[in-house]
2 protein chains.
Amino acid sequence: MTNRRDAILDVAERLIRAHGYSGFSFRDVASEVGIKSASVHYHFPTTPDLAAEVAKRYRQRFFEAVEAEVQSGAGRVEAWRSLFRRALDQDGLMCLCGILATEGDGLPTEVANEARAFLRLGIDSLNQTQNGEGGRILSQLEGAMLIARSTNDVGFFDIATENLA
Amino acid sequence: MTNRRDAILDVAERLIRAHGYSGFSFRDVASEVGIKSASVHYHFPTTPDLAAEVAKRYRQRFFEAVEAEVQSGAGRVEAWRSLFRRALDQDGLMCLCGILATEGDGLPTEVANEARAFLRLGIDSLNQTQNGEGGRILSQLEGAMLIARSTNDVGFFDIATENLA
DNA sequence: GTCTATAAGATGATAGAC
DNA sequence: GTCTATCATCTTATAGAC
């Protein structure tokens, strides 16, 4: 069984990816984990603390997954594309940092910083094999997720990113 | 001087585009307009009413602006691109419906419907001259806005959408 | 570690005076 | 139309018992 701390991070990540930073609360997290909100505060003092930790873990896991796929012989662009597609298809969730980025202004500094870091490193990662095109490719992927999720249609993502296959 | 109702819509649009649907409140709107929140309720009974009206007006205005530019001889893709760029550059704001779309799940039905309508009609609009590529183009534009706003760098938008010029 | 209790503030919304 | 209450509810966060 996972750590309680991990369970909190799991639920928080799903809720933020579903409703955004402004749309989740300690009470919601606590309720789904099966504890009280005061107990969440024991693990993560404040809301920005929790959200920043969620974003940090998301970034680390995502980049590890990309590297793993690349090691297995997949193209780098295809790795990014298929990882995003899987989340969209399996859980109906788009990129955490894409959501956070849209809320930009009202976000606590440390959370906004994590979202920015993910996007910047993502561009760098894609530039490794597609020199100078990383920004365009990540834009296309984030935008396609955004629209696909809104229309609840994974097929849209496939078509809108077909040129990246 | 504009109507008070219009003034409310103006402020609400800016606040939603800056902080998202979950990140704006009647009090914030009222405060910036210079009235009390009870007075906002007189014009728009509920929060979803106001947000849906904002989204509807945004869609109408945006499509009118696109058609106007096309009438003036601009390419359709270039019209979309320059309209998004202008908002990003002048006000630091991305597409209203792009923001709303990311919050998808937690959104009141009528607001989510308006966001979806904008995106679907946008794809149709772009498909008029770029048959079968409207989805990819709108994805790229929305994603580029999202990233440019997060990094506060309009130049990123230019580079990431250079191929659409 | 988790709980109960509680504080202090924000929020959506309504009733009723003017 | 706009205001002053006022309400019920949600939210973050803390103190202190267990």
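User: How much area do chain A and chain B bury between them?

Analyst: Good place to start! This is a predicted model, in which local features need pLDDT of at least 70 and side-chain atom pairs count only at pLDDT 80 or more, while totals for chains, interfaces and linings use all residues. Residues are numbered from 1 along each chain as its sequence is written, chains are lettered from A and ligands numbered from 1 in the order in which they are written, and side-chain values use heavy atoms, with hydrogens and water left out. Buried area is the accessible area (1.4 Å probe) that two parts lose on being put together, summed over both. Of the area here, 66% is on carbon and sulfur atoms, and the total is about 2,600 Å².

User: Which three residues supply more of the area that chain A buries against chain B than any other three?

Analyst: Contact means heavy atoms within 4.5 Å, and 32 residues of chain A are in contact with 32 residues of chain B. Within the area that chain A buries against chain B, one trio supplies 21%. Those residues are Thr102(A), Leu146(A) and Ser150(A).

User: Which element gives the largest share of the side of chain A that touches chain B?

Analyst: Helices here are DSSP runs (H or I, at least four residues), numbered from the N terminus. Helices H1 (4-19), H6 (96-103), H7 (109-127), H8 (134-150) and H9 (154-160) of chain A each give two or more residues to this side. The largest share is 12 residues, and it comes from H8(A).

User: How many salt bridges are there between chain A and chain B?

Analyst: A salt bridge is a side-chain nitrogen of Lys or Arg within 4 Å of a carboxyl oxygen of Asp or Glu. The structure holds 24 of them over all chains. Between chain A and chain B, though, the count is 0.

User: How many residues apart in sequence are the parts tied together by Glu13(A) and Arg57(A)?

Analyst: The side chains of Glu13(A) and Arg57(A) meet in a salt bridge of 3.3 Å, N to O. Both of these residues are buried. Glu13(A) lies in helix H1 and Arg57(A) in helix H4 (residues 47-71) of chain A, so the parts tied together are apart in sequence by 44 residues.

User: Which residues are linked with Glu13(A) and Arg57(A) in a network of salt bridges?

Analyst: In general, side chains of opposite charge can pair when their charged atoms come close. The network in chain A holds Glu13(A) and Arg57(A), and the residues linked with them are Asp10(A) and Arg17(A).

User: What joins the side chains of Arg57(B) and Glu13(B)?

Analyst: Arg57(B) has its place in helix H4 of chain B, and Arg57(B) is buried, with a relative accessible area of 11%. Leaving aside neighbours within four places in sequence, Arg57(B) is in contact with Asp6(B), Leu9(B), Asp10(B) and Glu13(B). A polar contact is a pair of N or O atoms within 3.5 Å; within protein, one must be able to donate a hydrogen and the other to accept it, and residues adjacent in sequence count only if both atoms are side-chain atoms. What joins the side chains of Arg57(B) and Glu13(B) is a polar contact of 3.4 Å.

User: What separates Arg85(B) and Asp89(B) along helix H5 of chain B?

Analyst: Arg85(B) forms a salt bridge with Asp89(B), with the closest N and O atoms 3.6 Å apart. Arg85(B) is partly exposed at 29% relative accessibility, and Asp89(B) is partly exposed at 46%. Because they are 4 residues apart in helix H5 (residues 76-91) of chain B, they are separated by about one helical turn.

Notes. Buried < 20%, exposed > 50% of the residue type's maximum accessible area, 1.4 Å probe, protein only.
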